[in-house]
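This report concerns the nonpolar cores and aromatic pairs of the structure shown below.

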Amino acid sequence: KDPMGSKGARLSAEISLAGRYVVLVPDTETLGVSRRLPDDERTRLREIGQRLRPGGYGLIIRTAAKGVGEPELADDIERLVETWHDISEKAKDSQPPSLIYAEPELVLRAVRDLLTDDVERVIIDDEDVYRQVRDYVVNVTPSLMERMEHYQGHEPLFDEYHVNEQIRKGLERRVGLPSGGHLVIDRTEAMTIIDVNTGRFVGKSNLEETVVKTNLEAANEVAKQLRLRDIGGIIVIDFIDMLLERNREELVREFRAALARDKTRTQVYGVSELGLVQMTRKRVSEGLLEAFSEVCPQCEGRGIILMDVEA
């Protein structure tokens, strides 16, 4: 893993090669299937994996393999085994230190890891990059080629699709909700805290209905913001207090359903006695805030200006 904050990079002695549908792990006998898949699909893929796993190699079948047939999985495994053979041969003829193998460039890794059936379009404005992606998709998943689009508009691509605007919104501390409530998102060294407020929304009937409506909106927005900002680690959400137990249960169900769309592993621990929802989200990279900011040298990230106590 890359270094994050005060934590250094983490390395593993277990070599693995990631493909479109599987991860190949040489010199092991393991067989794993993504836990994000339904039980019946995991069973199907595990049976295929048992038939296809080459001797002396472990396999981890990825979420992208959902609905994929045995021939496609076999092709992916064959490509990875050939890559490992090439690496092994190159290692024999190389003198350390030397580079034996490198992961594909970022754009190809993004297509490999993120291009799934629920992606409607991949829009690319650079002709050379478009050709690279097109060649990769044609070789690996030709059925998705129709979703590739070479953008040739006059406006910059990020301006045309308001990407820069969304990045700016993703860096703001306050996030509005449709009914008029809002979230306040604060990051600390130990965890991320998200506060839910009704704001100007007071509803048209009783207070409990107002609170439930705001909390359900907040549950979906929190799940969205965690993905957009790539927030990981321990997360505590302070939803607005609700009197009825059935409403608290509905909130947790709604929140878990919203998080199910997240490709990163999450775990929700329910509502505590203080009305807080505690959860974890796997930390896989720097978040959006860290990528687009640096710590203020004046306050060292505390967000305050200390008074001169000796004055």
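## Nonpolar cores and aromatic pairs

Among the 27 residues of the largest nonpolar core, those that touch the most other members are Leu183, Ile194, Leu226, Ile237, Phe239, Phe255 and Met279. A nonpolar core is a set of buried Ala, Val, Leu, Ile, Met, Phe, Trp, Tyr and Cys residues joined through side-chain atoms within 4.5 Å; buried means under 20% relative accessible area, exposed over 50%, and partly exposed in between (1.4 Å probe, protein chains only). The model is predicted: local features need pLDDT of at least 70, side-chain atom pairs count only at pLDDT 80 or more, and totals for chains, interfaces and linings use all residues. Residues are numbered from 1 along each chain as its sequence is written, and side-chain values use heavy atoms, with hydrogens and water left out.

Helix H7 (207-229) is among the elements that each supply at least two residues of this core, and its eight residues are the largest share. A second, separate core has 21 residues, including Tyr21, Leu45, Tyr57 and Ile77.

The structure holds two aromatic pairs, defined by ring centres of Phe, Tyr or Trp (its six-membered ring) within 6.5 Å; planes under 30 degrees apart count as stacked, over 60 as edge-to-face and the rest as tilted.

| Pair | Centre to centre | Angle between planes |
|---|---|---|
| Tyr151 and Tyr161 | 6.3 Å | 70 degrees |
| Phe239 and Phe255 | 6.0 Å | 75 degrees |

Tyr151 counts as buried at 11% relative accessibility, whereas Tyr161 is partly exposed at 36%. Both Phe239 and Phe255 are buried.

Note on methods
Helix = DSSP H or I, 4+ residues; strand = E, 2+ residues; numbered from the N terminus.
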